[in-house]
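Subject: Structure handover

Hello,

I am passing on the structure below for you to look through. My notes on what was found in it follow.

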Amino acid sequence: MSIMSRHERPTLVQAMIRGLRGRCPNCDRGSLYWKYLKVEPRCQVCGHDIAQYPADDGPAYFTILIVGHLLVAPLLFFPIIWQAPAAIMLPATLIPLAVATLVILPRVKGAFIGLLYALKVKASDAHLHTADMAD
Ligand SMILES: [Zn+2]
């Protein structure tokens, strides 16, 4: 692994930006996904184990925060939303919001995986979080 030994570990922000762009947080050259939201088991370029980072529901929560609170909530302040017929307003707002969600989700998931990479949070560490509950 001469490639891995030569490059320096990215900062937290760099790792998140790499993930946001759909790139491997370790090398920034390999693809993060092999399908829409399916994370590559290993980076095709540097061989880093990308699947070890447990994104779980985190990206969905942050996507809901962005779409629901930052995009939908401001829309509710426009009177046309409440005055126009529902048959027109529902598709006119829900379709763009669905598209925005589908566009934002993989980017948020990538940034979240970059965050987990930078913080070295791995799925194999899950027992550390559940140990107290077993006692
Ligand atoms: Zn890589």
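**Overall build**

From the N terminus on, the elements of the protein run α-α-α-α-α-α. That makes six helices and zero strands; helices (H or I, at least four residues) and strands (E, at least two) are DSSP runs, numbered from the N terminus. This is a predicted model, in which local features need pLDDT of at least 70 and side-chain atom pairs count only at pLDDT 80 or more, while totals for chains, interfaces and linings use all residues. Residues are numbered from 1 along each chain as its sequence is written, and side-chain values use heavy atoms, with hydrogens and water left out.

The C-alpha trace spans about 60 × 45 × 25 Å along its principal axes. Of the 135 residues, 30% count as buried (under 20% relative accessible area; exposed is over 50%, partly exposed in between; 1.4 Å probe, protein chains only).

**Zinc site**

The zinc ion has as protein donors the SG atoms of Cys-24, Cys-27, Cys-43 and Cys-46, at 2.2 to 2.4 Å. Donors are N, O and S atoms within 2.8 Å of the metal (3.2 Å for Na, K and Ca); water is not among the atoms, so sites may look incomplete. The angles among the four donor atoms are 106 to 112°, and the site is tetrahedral (four donors, all angles between 85 and 135 degrees). In sequence, the donor residues follow the spacing C-x2-C-x15-C-x2-C. Cys-27 and Cys-43, 16 residues apart, both lie in the loop between helix H2 (12–20) and helix H3 (58–75). Both Cys-27 and Cys-43 are buried.

**Aromatic pairs**

A search of the whole structure finds two aromatic pairs. Rings of Phe, Tyr and Trp (its six-membered ring) pair if their centres lie within 6.5 Å; planes under 30 degrees apart count as stacked, over 60 as edge-to-face and the rest as tilted.

Tyr-53 and Tyr-117 have ring centres 5.9 Å apart and planes at 80°, so this pair is edge-to-face. Phe-62 and Phe-112 also have centres 5.9 Å apart, but their planes are at 45°, so that pair is tilted. Phe-62 is in helix H3 and Phe-112 in helix H5, 50 residues apart.

Regards

Terms used: Tetrahedral: all angles 85-135°; square planar, octahedral: opposite > 155°, others 65-115°.
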